Amino acid sequence: MTASEPGTNTVSSLYDRLTDALTAAFGDNIHFGYWDDDRDRRSIEQATDRLTDLVAERLAPGVGGRLLDVGCGSGRPAVRIAREHEVHVTGISISKHQIQLAGARPEVGESAGQVAFRAADATRLPFPEASFDGAYAIESLVHMADKAAALGHVGRVLRPGARFVVADFFLDGPQTPGEGAEVIAATCELLRFAPLATLEAYRGLLDQAGMKLVEVTDIRANIRRSYTVTSAAFHRALRALLGELGPEHAAAARLFEQFGALPQVGYGLFTAVRL
Ligand SMILES: C[S@@+](CC[C@H](N)C(=O)[O-])C[C@H]1O[C@@H](n2cnc3c(N)ncnc32)[C@H](O)[C@@H]1O
């Protein structure tokens with residue numbers, strides 16, 4: 001079964017079921033927050049918007065540009081970037097529920113016409129060549145087993161010179177067998193992550209897709225608080241779905257915190273340029 005086919009174990013069904021719990025936990029976004037340091041008192045909503053802003057800064061889009069949001073979640077990042085940078089953003093997601101939520105936002109269909117959402121699979125983007133001036137993917141590539149296909153499509157739909165910015169997990173160093181490897185495998189299984197890619201793997205895949213990786217910022221220290229927020233959100237979501245929770249559910253909810261504490265789990269902001 002691929003990620004795009006219907007079923008109970010797919011990425012799409014995960015997000016159809018968990019989006020409401022996740023947006024409640026993350027202040028309407030479905031991604032991690034960014035804090036400067038331990039003294040930074042930003043709320044989770046402010047911190048997740050901050051991560052969106054860091055992605056947009058790296059895109060540095062010109063007014064009126066056309067951007068693609070690969071795996072757009074609830075649509076909040078697209079609306080924020082469209083408003084702050086006066087650009088047009090098209091968001092795609094494999095979750096139909098997310099596309100309904102995003103499509104119901106008041107900003108959709110306004111005369112400004114700044115955001116649009118449609119259900120689509122990133123590994124088969126339904127857009128013509130060179131039709132976007134920039135693209136970004138916030139925590140969506142991590143779910144895609146066929147990253148070569150997704151990046152190939154992103155490269156195809158970007159015009160030469162356009163930027164592609166990614167915020168995502170990466171595997172930092174070789175994955176040796178042991179407890180860490182087990183935690184990573186269990187987390188990937190639980191959250192429908194594909195095997196984590198190293199920075200070198202990303203560099204090679206971007207190369208193949210006609211893009212050059214020009215900058216990487218490791219922000220794992222800045223996003224770390226998000227793991228605790230996520231674990232609490234999973235706990236609440238599991239309670240809502242299942243009622244009383246057994247110890248195995250509590251362990252599943254804690255798993256992500258263990259994952260985030262591993263030295264081989266990195267989180268970065270990557271900027272690539274379409275050649
Ligand atoms: C962690 S959420 C991030 C959502 C959004 N980028 C944000 O920052 O709020 C992951 C997103 O990736 C999307 N996704 C995962 N695999 C996908 C695929 N093959 N094609 C399109 N979207 C995909 C999910 O539907 C979801 O919207």
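Helices (H or I, at least four residues) and strands (E, at least two) are DSSP runs, numbered from the N terminus. The model is predicted: local features need pLDDT of at least 70, side-chain atom pairs count only at pLDDT 80 or more, and totals for chains, interfaces and linings use all residues. Residue numbers start from 1 along each chain as its sequence is written.

Select E86, which follows helix α3 and has a positive phi, near 50°.

Step back to α3 itself, residues 76-85: 7 of its 10 residues are buried, so the helix is largely enclosed by the rest of the structure. Buried means that 20 or more other C-beta atoms, placed from the backbone, lie within 10 Å of the residue's own. Colour R76, P77, A78, V79, I81, A82 and H85, the buried residues of α3. Their cover includes α2 (44-59), β1 (66-70), β2 (88-93), β3 (115-119) and β4 (132-138).

Next, show V154. Leaving out residues up to four places away in sequence, V154 touches V70, A135, F164 and A209, where contact requires C-beta atoms, placed from the backbone, within 7 Å.

Now select helix α5 (residues 147-157) and helix α7 (residues 199-208), which pack at about 45° with axes 8 Å apart. Axes are lines fitted to C-alpha atoms, for helices over the stretch in contact, and angles run from 0 to 180 degrees between N-to-C directions. Display K147, A148 and L151 of α5, which meet L205, L206 and Q208 of α7.

Notes. Contact = placed C-beta atoms within 7 Å. Buried ≥ 20, exposed ≤ 12 C-beta atoms within 10 Å, placed from the backbone.
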